[in-house]
Amino acid sequence: MILELYRLLKEIAENEYKEIIEDTGVIFSHSGRARKLRIKLIDATFIDIWYSLEGEYSFHWEQTSRGMIYRHDNAPDKKWTFVKTFPKHCHDGAQDRVVESNLSDKPEQAVREFLNIVRRKIIESKHKGS
């Protein structure tokens with residue numbers, strides 16, 4: 001079930017966001033279970049998308065070279081109860097900088113919303129660098 005979801009999200013990413021994507025692939029555990037979808041971006045960063053059967057999720061954009069993370073998830077961490085959309089929240093640039101997350105609860109829509117944000121930030125970054 002999760003593997004089918006990752007394949008669907010992979011297809012959406014590859015077909016609708018090819019201008020920012022270098023490669024995509026499902027990462028499997030040693031036992032052969034689909035663990036997450038990894039999307040490598042044209043700016044040498046990557047996104048990991050993880051879903052559980054219980055409906056937990058994480059959209060994590062790792063930007064190690066810039067010392068930044070950007071992650072939407074619904075882990076019910078008590079530190080973030082002040083966030084209006086709790087348990088949904090967004091780590092906006094840093095682990096401890098948390099704001100509201102309004103990503104859709106539908107995975108297909110959520111991947112589009114997240115990749116739209118990523119695309120916009122990559123384009124903004126390119127314009128700043130030129």
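Predicted model: local features only at pLDDT ≥ 70, side-chain atom pairs only at ≥ 80, totals over all residues.
Me: What makes the largest nonpolar core a core, and which residues have the most contacts inside it?

Reply: A nonpolar core is a set of buried Ala, Val, Leu, Ile, Met, Phe, Trp, Tyr and Cys residues joined through side-chain atoms within 4.5 Å. The largest one here has 30 residues. Those with the most contacts inside it are L41, I47, I49, Y51 and F59. The most come from α2, with 7 residues.

Me: Why is L41 called buried?

Reply: Buried means under 20% relative accessible area, exposed over 50%, and partly exposed in between (1.4 Å probe, protein chains only). L41 has 2% relative accessibility, so L41 counts as buried. The place of L41 is in strand β2.

Me: What is L41 in contact with, leaving aside its neighbours within four places in sequence?

Reply: Contact means heavy atoms within 4.5 Å. By that rule, L41 is in contact with I20, I21, E22, I47, W61, V118 and I122. L41 and V111 are 70 residues apart in sequence, and their C-alpha atoms are 14 Å apart in space.

Me: Why is I47 called buried?

Reply: The relative accessible area of I47 is 0%, so I47 is buried. I47 is found in strand β3. Beyond four places in sequence, I47 touches L37, R38, I39, L41, H60, W61, F114, L115 and V118. From I47 to F59 is 12 residues in sequence and 7.0 Å in space, C-alpha to C-alpha.

Me: What does F59 touch, not counting residues up to four places away in sequence?

Reply: F59 touches D48, I49, Y51, Y70, R71, H72, L103, A110, V111 and F114. One of these, L103, lies in the loop between β7 (98–99) and α2.

Me: What makes L103 count as buried?

Reply: The relative accessibility of L103 is 3%, so L103 counts as buried. L103 touches F59, H72, K88, A110, E113 and F114, again not counting residues up to four places away in sequence.

Me: Why is A44 called exposed?

Reply: A44 has 71% relative accessibility, so A44 counts as exposed. A44 lies in the loop between β2 and β3. Phi of A44 is near 70°, a positive value in a residue other than glycine. Most residues other than glycine have a negative phi, and most peptide bonds are trans.

Me: Which peptide bond is cis?

Reply: The bond that joins F86 and P87 is cis, with omega about 10°. P87 is found in the loop between β5 (68–73) and β6 (89–93).

Me: Why is N116 called partly exposed?

Reply: N116 has a relative accessible area of 33%, so N116 is partly exposed. N116 is found in helix α2. N116 and Y17 are 99 residues apart in sequence and 8.4 Å apart in space, C-alpha to C-alpha.

Me: How do you know how many helices and strands the protein chain has?

Reply: Helices (H or I, at least four residues) and strands (E, at least two) are DSSP runs, numbered from the N terminus. The protein chain has 2 helices and 7 strands. From the N terminus on, its elements run α-β-β-β-β-β-β-β-α.

Me: Why is the protein chain called as compact as a globular protein of that length?

Reply: The radius of gyration is taken over C-alpha atoms, and the globule rule is 2.2 Å times the number of residues to the power 0.38. The protein chain has a radius of gyration of 15 Å, close to the 14 Å that the rule gives for 130 residues, so it is as compact as a globular protein of that length. Its C-alpha atoms fill a box of roughly 45 × 35 × 25 Å, taken along the principal axes. Of the 130 residues, 42% count as buried.

Conventions: Residues numbered from 1 in each chain as written. Heavy atoms only, no water.
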